[in-house]
Amino acid sequence: MCGIVGFVGNVKAKEVIVHGLKKLEYRGYDSAGIALNIDNDIKVYKAKGKMENLEGVLEGKELDSNIGIGHTRWATHGEPSDVNAHPHSSESGDIVIVHNGIIENYLDIKKGLKAKKIVSETDTEIVAHKLNENYNGDLLDTLKRTIDEVRGTYALVVMHKEVKDEIVLAKKGSPIIIGTSEEGNIIASDIPAVLKYTNKIYILEDGEYARVTKDEVQIFDKKLKLIKRDYIEVDMDEKTAEKDGFDHFMIKEIHEQAKVIEKIVNTKKLEKVKTNIKRYNKIYFVACGTAHYAGLIGKSILDRNTNAAVFAEVASEFRYNEPKIDRKTLLVVTSQSGETADTLAAVRMAKEKGARVLSFINVVGSTIARESDEVIYTMAGPEIAVASTKAYTSQVMTMILTFSKMFGKAVDVVNESKELMMKFDNVLDIEGYVKQLSNKYKDVDRAFFLGRGMDYNLAKEAALKLKEVTYLSSEAYPAGELKHGPIALIDDNTLVVGIMTDERLYEKTISNLKEVKARGAKVLAIINDRNDLVLDVADDVIYIPKSQGEFNAVLANVPSQLFAYHMAVAKELDVDMPRNLAKSVTVE
Ligand code: G6P
């Protein structure tokens with residue numbers, strides 16, 4: 001949440017920072033801003049809204065500077081506005097900072113401040129004033145003494161107008177990396193911001209500080225003792241984060257899924273799994289959002305194959321539900337970013353109580369990946385669209401393969417996966433038809449997604465996808481439960497989507513669809529069989545190829561992804577950056 005970029009080097013800082021911020025916009029787009037040191041004077045430019053607004057403000061300005069910091073914001077303290085946008089400055093304008101995270105004791109710090117003019121409602125501005133009061137000529141030491149007074153989470157990046165060759169930073173709870181290149185050193189919240197220049201990355205750990213100049217990256221521990229750390233080389237390039245001729249990242253990423261599956265199958269069949277699932281009598285799947293819905297599919301695999309009690313909970317609730325964790329507990333975590341604050345907190349709590357943590361993570365080297373006992377990388381590549389598609393598929397696929405190895409069924413699953421890759425292309429062939437349906441249904445008032453058993457889990461992800469990108473009220477319900485209340489909402493401008501991949505449950509779900517049809521709803525069925533009963537009730541039917549067990553979750557999710565995407569396009573909405581959302585949620 002919130003994207004940070006800082007640069008010091010041999011080329012124009014403005015170009016590097018603007019480029020990097022555009023790559024990090026998925027982290028928030030309520031406002032953006034940049035501060036540059038130009039001849040010992042700090043110039044700050046900000047704009048509410050997306051990066052294009054900031055670019056408008058910067059247009060035509062000859063900003064000759066090789067050092068600067070920038071920020072793209074997802075608002076927590078204070079509404080989205082120019083004044084609440086980062087960078088924030090001290091009263092004198094000498095110190096300027098950008099911040100990702102939450103300063104919990106900012107009101108206490110504010111009470112003791114000498115500064116008279118506090119212009120924003122943010123927690124961050126208070127830290128800028130405090131830094132100025134603590135400034136003693138040594139910027140890193142000043143930062144450390146200020147951090148000693150701060151409680152909360154932060155990636156905090158600081159510049160001083162008199163120190164025009166260095167940027168200092170501190171990290172706790174929010175990610176920050178430093179890319180090192182010929183052009184200079186680039187500080188960023190995430191790797192895509194630096195890939196144009198380098199794939200050599202330093203990763204900062206919680207409690208650490210860094211001093212960055214054009215020639216050097218120095219990393220320090222919490223007592224400011226210099227640490228020797230080598231950079232890592234990441235296996236990614238700028239190209240993987242481009243749209244490749246597609247109109248949006250979301251549709252590009254939907255189409256990439258067949259390749260992702262292929263890569264997962266080819267790599268994972270060779271990888272050894274260390275976790276011995278038989279040792280655990282309680283297994284918790286913990287995650288947020290789409291990753292939680294992928295976890296539900298994992299739960300269904302383990303329910304069928306182990307004697308353990310298996311639970312799946314959203315990470316933000318997990319800690320408060322008094323989970324009974326001990327050394328015989330396995331925590332299975334799914335996370336695209338590996339940085340989600342609630343998921344990370346669940347990991348830390350479970351580890352403290354003796355559980356083993358097995359995680360399925362996309363971003364290599366992310367915090368949850370580093371803190372897990374075993375990490376299985378999900379290999380989806382960079383996912384840029386805020387609404388997750390290929391990350392979900394990759395999580396489900398890696399779980400199917402990993403668990404099947406644990407149960408000695410790897411060979412069958414690899415064969416089945418090969419068939420799945422072919423079936424996947426067939427599902428993508430229905431895009432034209434799904435687009436027509438999206439145009440037909442784009443003006444409905446609300447949508448319900450119904451399913452039973454695993455199809456209910458699919459319904460949850462489908463409903464989330466549609467609401468994320470179209471802003472329609474869109475809810476998932478167990479097909480049999482709708483009549484216990486929500487059926488009151490059904491009218492002739494309601495769309496009800498029935499998801500049916502389990503033939504044992506077709507008839508029951510179809511009966512439930514009849515109930516809503518009788519009350520005027522429009523009915524769309526997603527089913528993996530030609531079936532007369534469904535033709536009788538549905539206005540439209542999307543057929544998907546039949547597959548085995550949880551593989552159906554991979555295939556049956558695709559029409560819902562395409563439907564959400566084309567509905568958003570038909571409604572002329574910003575598909576890749578839906579309002580109010582952020583891709584990486586690093587606050588609780
Ligand atoms: C946000 C994103 C979702 C994602 C969820 C969990 O809500 O918009 O796409 O599923 O966070 O994120 P994670 O990185 O842990 O998978």
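# Talking through a predicted model and its ligand

Mentor: Of the 13 residues around the ligand, those that come nearest are Thr290, Ser335, Gln336, Ser337 and Thr340, and please keep in mind while we talk that this is a predicted model.

Trainee: Okay, and how far is the side chain of Ser337 from an oxygen atom of the ligand?

Mentor: An N or O atom in the side chain of Ser337 is 2.6 Å from an oxygen atom of the ligand.

Trainee: And for Thr290, which part lies by an oxygen atom of the ligand, backbone or side chain?

Mentor: For Thr290 the atom in question is a backbone N or O atom, and it lies 3.0 Å from an oxygen atom of the ligand. Ala582 also has a backbone N or O atom by a ligand oxygen, in this case at 3.3 Å.

Trainee: Let's zoom out, then: which domains does the protein chain have?

Mentor: The domain assignment gives domain 1, covering 3-239, then domain 2, covering 248-428, and domain 3, covering 430-588. If we take the centres of domain 2 and domain 3 over C-alpha atoms, they are separated by 24 Å, and the contact takes 46 residues from domain 2 and 42 residues from domain 3.

Trainee: What area is buried between domain 2 and domain 3?

Mentor: About 3600 Å² is buried between domain 2 and domain 3, and carbon and sulfur atoms give 65% of that area.

Trainee: What about polar contacts between domain 2 and domain 3?

Mentor: There are 16 residue pairs in polar contact between them, counting pairs with both residues at pLDDT 80 or more. On the side of domain 2 that touches domain 3, the elements giving two or more residues include helix H8 (289-305) and helix H13 (410-428), and H13 provides the largest share, 9 residues. By class, that side of domain 2 has 25 nonpolar, 14 polar and 7 charged residues.

Trainee: Back to salt bridges, which residue does Glu468 pair with?

Mentor: Glu468 forms a salt bridge with Lys465, with the closest N and O atoms 3.2 Å apart. Glu468 and Lys465 are separated by about one helical turn because they are 3 residues apart in helix H15 (residues 454-470).

Trainee: New topic: is the peptide bond from His86 to Pro87 cis or trans?

Mentor: That bond is cis, with omega near 0°, and Pro87 lies in the loop between strand E4 (67-73) and strand E5 (88-89).

Trainee: And is the phi of Asp244 positive or negative?

Mentor: Asp244 has a positive phi of about 55°, although it is not a glycine, and Asp244 is found in the loop between strand E15 (232-233) and H6.

Notes. Residues numbered from 1 in each chain as written. Predicted model: local features only at pLDDT ≥ 70, side-chain atom pairs only at ≥ 80, totals over all residues. Heavy atoms only, no water. Domains from an automatic or database assignment. Contact = heavy atoms within 4.5 Å. Buried area = accessible area lost by both parts, 1.4 Å probe. Polar contact = N/O pair within 3.5 Å; in protein donor to acceptor, adjacent residues only side chain to side chain. Helix = DSSP H or I, 4+ residues; strand = E, 2+ residues; numbered from the N terminus. Nonpolar A, V, L, I, M, F, W, Y, C, P; charged D, E, K, R; others polar. Near = heavy atom within 4 Å. Salt bridge = Lys/Arg side-chain N within 4 Å of Asp/Glu carboxyl O.
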